[in-house]
Amino acid sequence: METERRTALEQLLAQSHRVTRIAAAATGSATPSSHRSVLALLARDGDHRVGEIAAELRLTQPGATQVVTALAEEGLVERCADPDDGRATRVSITPAGRTSVDHWRRDLSDALSPMLGELDDDDWAAIARTAALLASIDRSPR
């Protein structure tokens, strides 16, 4: 049973990454995935320090800094003083950044929908249930 569960999880992870890449390519967007990942993180979890972004997304600190700088230049994020540490800054998503995330998710969904045209109601219910289960995962260690 444990081996079957591990295999199922491995397949879920591999296929979700594959499908995301397929959908992203189908949108025709040239925006780097690291930019989308930073925006999605900030939209979901709120403001972060650059080091926290780097750790969360498994980027180097200089890489995260470059992404944040590029996003700030586009007006999608902004830096502000960290209220807990005057030497540090925090990065937060702007309304334009939230709109960008929403549009990107809609573009991915629109790109993927035709590829799933043969699914029946039970399949869609399984996708919805899987999405809900994954959304319920707590990031804290148990």
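**Note on the predicted model**

1. Among contacts (heavy atoms within 4.5 Å) in the protein chain between residues at least 6 apart in sequence, 51% join residues at least 24 apart.

2. The model is predicted, with local features requiring pLDDT of at least 70 and side-chain atom pairs counting only at pLDDT 80 or more, while totals for chains, interfaces and linings use all residues. Numbering starts from 1 along each chain as its sequence is written, and side-chain values use heavy atoms, with hydrogens and water left out.

3. The protein chain holds six helices and two strands, in the order α-α-α-α-β-β-α-α from the N terminus. Helices (H or I, at least four residues) and strands (E, at least two) are DSSP runs, numbered from the N terminus.

4. The C-alpha trace spans about 55 × 40 × 20 Å along its principal axes. Of the 142 residues, 23% count as buried, that is, under 20% relative accessible area (1.4 Å probe, protein chains only). The chain exposes about 9,900 Å², by the Shrake-Rupley method with a 1.4 Å probe; carbon and sulfur atoms supply 53% of this area.

5. The chain carries 17 positive and 22 negative side chains, where Lys and Arg count as positive, Asp and Glu as negative, and His and the chain ends are not counted. The centres of the two sets lie 5 Å apart, each charge being placed at NZ of Lys, CZ of Arg, CG of Asp or CD of Glu.

6. D120, D121, D122 and D123 form a negative surface patch. Its members have over 30% relative accessible area and no salt bridge, like charges being joined within 9 Å; a salt bridge is a side-chain nitrogen of Lys or Arg within 4 Å of a carboxyl oxygen of Asp or Glu. D122 lies in helix 6 (residues 121-135) and is exposed (over 50%), with a relative accessible area of 62%.

Technical notes: Patches are made of residues with over 30% relative accessible area and no salt bridge: like charges are joined within 9 Å, nonpolar side chains (Val, Leu, Ile, Met, Phe, Trp, Tyr) within 5 Å.
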